[in-house]
Amino acid sequence: MSEPSLDAGFSVSQQWVKDVMPRHQVVGCLIEHDNKILLCQRKIQPSYGLWTLPAGYMEIGESAAEGAIRETWEEAGAEVEVLSPFAQLDIPRIGQTYIIFLAKLKRLHFSPGPESSDCRLFSFDDIPFDSLAFSSMLVTLNLYIADRKVGRPRFHYGTINKRELLKQKVVLRLPEVAVAAWVRMAIGLARALLIFKPTRLIIICSPDMK
């Protein structure tokens, strides 16, 4: 049975679009408040119980920024104002693109949504790097920390090579390597941007972003 065309002259239900069409674009917000970052603990698979920035699939009829605002409300019960795009991370192995925006809380209120078991503001020293849900979150947070150290945010574009990540994990699972050592090395690798293909990493600095 062929799939109905979106431009065939008849309407397609939003539910059909949501249930059947492939979903490749993930949008979310990186929110800093009082020198802390808002993270959500996942209540669903994949990565149940791990921490992530509020993010999810963009839906038909909304812009990337609108989707990021909606996902932040649904996952963290937080009303936010988008400030600027921060990172686009392509993951070819799974056919996904992450677009993360810098945002600020409109009011100091947040609470777990149906897909979250907890929401917290973490100081930079307390971010649970060893319990992050996705490689994209690890990369995004480390990029932000690096930008923060130099005093200005930049827009980052890069490709995450998950095959290289898997190779790194296989090596680090050797019996003589402790779990703590793997965590420290993973953080160091991300900070050095080694999980990107260097030739595909483009860092763009907008002149109006101080």
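**Strands, helix and cores**

Author: In strand β7, the bridge partner of C40 is C119. The model is a predicted one.

Reader: How many disulfides does the structure hold?
Author: A disulfide needs two cysteine sulfur atoms within 2.5 Å. For C119, the nearest cysteine sulfur is that of C40, 3.6 Å away, and C119 is in no disulfide. Over the structure, the number of disulfides is zero.

Reader: Is C119 buried or exposed?
Author: The cut-off for buried is a relative accessible area under 20%. C119 has a relative accessible area of 8%, so C119 counts as buried.

Reader: Over how many bridges do β2 and β7 pair?
Author: Strand β2 covers residues 36–42, and strand β7 covers residues 116–123. C40 and C119 are bridge partners here. The two strands pair in the antiparallel sense, and the number of bridges is seven.

Reader: Which residue in β2 is the bridge partner of H33?
Author: Strand β1, residues 25–33, pairs with β2 in the antiparallel sense over two bridges. The two strands form a hairpin with two residues between them, and D34 in the turn has a positive phi of about 55 degrees. The bridge partner of H33 in β2 is K36.

Reader: Which residue stands opposite W51 of β3?
Author: Strand β3 is made of residues 51–52. This strand pairs with β2 in the antiparallel sense over two bridges. Opposite W51 stands Q41.

Reader: How many of the seven residues of β2 are buried?
Author: Strand β2 pairs with β1, with β3 and with β7. The strand is mostly covered, and the number of its buried residues is five.

Reader: How far apart are the end C-alpha atoms of α2?
Author: Helix α2 covers residues 64–76. At 1.5 Å a residue, its 13 residues should span 18 Å. The model agrees with this, because the end C-alpha atoms are apart by 18 Å.

Reader: Which strands do the buried residues of α2 pack against?
Author: The buried residues of the helix include A64, G67, A68 and T72. The strands they pack against are β1, β2, β4 (55–57), β5 (80–91), β6 (96–105) and β7.

Reader: How many residues apart are E74 and R70 in α2?
Author: E74 also forms a salt bridge with R70, the closest N and O atoms being 3.2 Å apart. E74 is partly exposed, with a relative accessible area of 37%. An α-helix has 3.6 residues a turn, so residues three or four places apart point the same way. Along the helix, the separation of E74 and R70 is about one turn, or in residues, four.

Reader: Which residues are linked in a network of salt bridges?
Author: The network containing them is made of E59, E62, R70, E71 and E74.

Reader: How many salt bridges does the structure hold?
Author: Another of them joins D118 and R120, the closest N and O atoms being 2.7 Å apart. R120 counts as partly exposed, at 41% relative accessibility. The number of salt bridges in the structure is nine.

Reader: Which element supplies the largest share of the largest nonpolar core?
Author: This core has 27 residues, of which L30, I37, L39, L53, I127 and L141 touch the most other members. At least two residues come from each of β1, β2, β5, β6 and α3 (135–150). The largest share, seven residues, comes from α3.

Reader: Which residues is I127 in contact with, leaving aside its neighbours within four places in sequence?
Author: I127 is among the core residues that touch the most other members. Its contacts, with those neighbours left aside, are I37, L39, F122, L141 and I145.

Reader: How many residues are in the second, separate core?
Author: This core includes A76, A78, V80 and I99. The number of residues in the second core is 15.

Terms used
Residues numbered from 1 in each chain as written. Predicted model: local features only at pLDDT ≥ 70, side-chain atom pairs only at ≥ 80, totals over all residues. Heavy atoms only, no water. Buried < 20%, exposed > 50% of the residue type's maximum accessible area, 1.4 Å probe, protein only. Salt bridge = Lys/Arg side-chain N within 4 Å of Asp/Glu carboxyl O. Pairing = 2+ DSSP bridges. Expected span 1.5 Å × (residues − 1). Contact = heavy atoms within 4.5 Å. Core = buried A, V, L, I, M, F, W, Y, C linked by side-chain atoms within 4.5 Å.
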